[in-house]
Amino acid sequence: MPDMTPPGQPEPFDALVVGAGFAGLYALHKLRDQMGLRVRVYEAGGGVGGTWYWNRYPGARCDIESHQYSYSFSEQLQQEWHWSEKYAAQPEILRYLEHVAERFDLTRDITFNTRISGARFDEANGEWILEVAGQPVARAPFLISALGTLSAPKPPEYPGFDRFRGQVYVTGTWPHEGVDFTGQRVAVIGTGASGVQAIPEIAKQAAQLTVFQRTPNFATPSRNGPMTADYEQSIKSRYAALRRQARESFGGIPFDQIQPSALAVSAQERRQVYERCYAEGGFRLFFDSFADLLLDPEANRTAAEFVHEKIRSRVKDPAVAALLCPRDHPYGTKRPPLEVDYYETYNRDNVQLVDLHRTPIVEIMPLGIRTGEREYPLDSIVLATGFDASTGPLLRMNVRGRGGLRLNDKWATARARIWESPCRAFRTCSSSPGRRARQCSTTCRWRSRTTSSGRPTASPICANVAFPPSSRPWTPKTAGSPTPTRSPKARCCRAPTPGTWAPTCRASRARRWCIWAAPRPTGKSATRWQRTAIEALRWLLARLLRNPLTGAFPGRSGPGQRPRRSAVFDGSRAGPCRGFPTCVGSNLHRV
Ligand SMILES: Cc1cc2nc3c(=O)[nH]c(=O)nc-3n(C[C@H](O)[C@H](O)[C@H](O)COP(=O)(O)OP(=O)(O)OC[C@H]3O[C@@H](n4cnc5c(N)ncnc54)[C@H](O)[C@@H]3O)c2cc1C
């Protein structure tokens with residue numbers, strides 16, 4: 001049908017999607033082809049792929065095995081597509097997404113090279129209006145944000161980049177034609193997941209590579225390798241079961257050998273489990289070893305020490321190894337990157353490591369980087385400094401809800417972003433991309449972290465009911481105190497017996513260890529599990545409530561305390577908030 005929209009007026013649709021990565025492509029297929037809606041997708045990039053369109057740095061690859069890191073909505077697609085490696089590299093993942101777009105005829109409804117500069121809710125008509133360069137372009141009752149959580153690279157923090165005479169590259173917006181570092185003096189700033197992947201590859205080319213590290217990470221081997229015919233067959237013959245298992249597991253990976261506690265076994269048994277996980281690679285050490293690594297600091301320390309030991313055994317220079325061992329955060333509280341020969345790279349003669357805690361970068365000079373100690377002459381600088389993660393892309397889109405309320409104002413504080421309820425004023429809800437979308441109930445949002453067998457792998461955290469933004473920080477109940485009427489127990493689960501396994505909210509098939517309904521376990525009445533879980537929850541909450549600017553913990557602020565970055569900011573829990581009345585999430589269950 002020809003477009004009858006008068007010039008200058010926003011074109012009407014049933015649903016609008018922003019972003020054409022994994023989530024946006026699936027949203028388009030679901031809404032258009034399965035639900036029969038009229039849909040338009042807007043994408044800032046020149047093609048589909050999202051993360052895999054932008055992140056073309058050397059070494060970029062997924063760290064979830066490709067047979068899992070792929071769509072499950074079409075049996076034919078998952079049976080026919082062949083991954084060449086266990087963990088596909090960026091070009092292959094991009095080819096896959098381009099294939100999906102072509103196979104399901106998606107590109108005809110995507111407008112590329114178009115950045116949405118504003119999303120305004122028109123209360124009179126109950127519609128969202130999207131703007132490009134300030135001009136309205138489209139309107140629809142439903143808006144799906146498929147902006148991604150890692151699509152807004154962080155701007156450089158150091159002064160002087162404009163005068164640097166060499167080249168500056170950002171891993172998150174890597175040149176499509178690639179970069180040849182042969183013979184160059186190169187700096188990589190940042191040792192997060194992207195840095196850990198790029199550093200070994202750049203070191204193979206560069207004449208001299210200087211790595212500027214602020215925070216070391218608990219990187220463990222991926223054990224990537226070619227996809228063998230047998231392995232592929234074993235997956236494709238039980239794909240449905242693997243997908244189901246993944247959906248029901250913490251982390252979305254179908255591992256099944258996890259044991260309850262690192263402290264319940266002998267040191268020798270623990271070691272065997274860690275060695276098995278390290279040898280098999282991937283996220284096994286984190287997800288498939290012991291369930292209490294994120295619950296019990298003592299259990300966590302055993303895993304951290306194991307990784308430290310591995311780092312020391314792989315890096316020849318003990319001083320460099322010491323710098324590479326993370327000591328400022330417990331294992332797994334930042335996503336542990338997967339690596340291929342990352343630590344061995346520091347044994348090369350052309351690689352040096354600079355500890356930014358000891359000698360911070362002062363400024364970027366025309367010919368290099370100056371730290372507090374010396375200047376490093378350079379030809380190229382690679383910024384692997386990460387993203388304005390989770391909420392960054394949404395905040396940059398300038399979303400305005402009821403009464404012109406700006407999401408940026410509503411989420412002005414990190415605490416508001418963490419605790420805001422997505423459900424109150426939004427007709428639908430926000431969750432992770434459709435690939436692994438978890439249905440969200442309007443009354444509760446348990447993030448139940450359980451394995452498929454029902455064991456917890458981390459604490460269940462209710463981001464909605466228990467801690468409204470205005471409430472006081474949680475304090476554990478004392479024995480005998482009445483159950484508050486707004487407790488998660490009251491609204492989220494069917495009267496569980498304290499200290500037993502109970503179903504989580506009605507949206508989830510998982511089960512959780514019910515500690516909320518229990519009086520605070522004390523003395524002999526408490527099991528070790530309950531005590532450690534309660535303590536871990538208190539520890540996690542203290543971190544979540546920490547002031548992100550000063551790093552101060554509640555009740556522990558004061559002069560002289562070292563500012564720290566907020567390590568526990570999980571944007572997937574940062575739902576949209578009151579005043580923004582329709583869906584800015586990617587969960588399609590309720591659309
Ligand atoms: C290097 C790297 C490796 C990763 N590896 C894994 C992995 O192994 N496993 C895993 O689970 N996750 C991984 N991730 C996370 C990854 O981002 C997600 O898995 C997934 O690709 C996200 O898909 P998405 O469609 O939600 O968002 P994205 O792929 O980020 O797509 C969002 C799209 O929205 C567009 N956009 C943003 N703002 C606007 C705007 N205002 N107007 C128009 N368009 C806009 C962007 O251009 C982008 O194309 C990785 C991330 C990175 C950066």
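Arginine 185 is partly exposed, with a relative accessible area of 34%. This residue is placed in strand S10, which covers residues 185-189. The structure described here is a predicted model.

Histidine 29 has its place in helix H1. Between the C-alpha atoms of histidine 29 and alanine 101 there are 9.1 Å, while the two residues are 72 residues apart along the chain.

Glutamate 232 also counts as buried, at 15% relative accessibility. This residue is found in helix H6, which spans residues 229-236. The side chain of glutamate 232 makes a polar contact of 2.9 Å with the side chain of histidine 82. A polar contact of 2.8 Å joins the side chain of glutamate 232 to that of lysine 236.

**Aromatic rings**

A search of the whole structure finds 28 aromatic pairs. One of them is formed by tryptophan 81 and tyrosine 96, with 5.1 Å centre to centre and 70° between the planes. This pair counts as edge-to-face, because the angle between its planes is over 60 degrees. The pair links distant parts of the chain, since its two residues are 15 residues apart. Tryptophan 81 lies in the loop between helix H3 (75-80) and helix H4 (90-103), whereas tyrosine 96 belongs to helix H4. Both tryptophan 81 and tyrosine 96 are buried.

Ring pairs also link residues into a cluster, and its members are Phe22, Tyr26, Trp52, Tyr69, Tyr71, Phe73, Trp81, Trp83, Tyr96 and Phe104.

Charged side chains are found over the faces of two tyrosine rings. Arginine 56 lies over the face of tyrosine 53, at 5.0 Å from the ring centre. Lysine 86 lies over the face of tyrosine 231, and here the distance from the ring centre is 5.8 Å.

**The surroundings of the ligand**

How many residues surround the ligand? There are 32 of them, and the closest are Ala23, Glu43, Thr51, Asp63 and Tyr69. By class, this shell has 18 nonpolar, 8 polar and 6 charged residues. Helix H1 (22-34) and helix H2 (51-54) each supply at least two residues of the shell. Which helix gives the most to the shell around the ligand? The answer is H2, with 3 residues.

| Residue | Protein atom | Ligand atom | Distance |
|---|---|---|---|
| Alanine 44 | polar backbone atom | nitrogen | 3.0 Å |
| Threonine 51 | backbone N or O atom | oxygen | 2.7 Å |
| Tyrosine 69 | polar side-chain atom | oxygen | 2.6 Å |

On its own, the ligand has 980 Å² of accessible area, and the protein covers 92% of this area.

Technical notes. Residues numbered from 1 in each chain as written. Predicted model: local features only at pLDDT ≥ 70, side-chain atom pairs only at ≥ 80, totals over all residues. Heavy atoms only, no water. Phe/Tyr/Trp six-rings, centres within 6.5 Å; stacked < 30°, edge-to-face > 60°. Helix = DSSP H or I, 4+ residues; strand = E, 2+ residues; numbered from the N terminus. Buried < 20%, exposed > 50% of the residue type's maximum accessible area, 1.4 Å probe, protein only. Lys NZ or Arg CZ within 6 Å of the ring centre and 35° of its normal. Near = heavy atom within 4 Å. Polar contact = N/O pair within 3.5 Å; in protein donor to acceptor, adjacent residues only side chain to side chain. Areas by Shrake-Rupley, 256 points an atom, 1.4 Å probe, with all protein chains shown as cover. Nonpolar A, V, L, I, M, F, W, Y, C, P; charged D, E, K, R; others polar.
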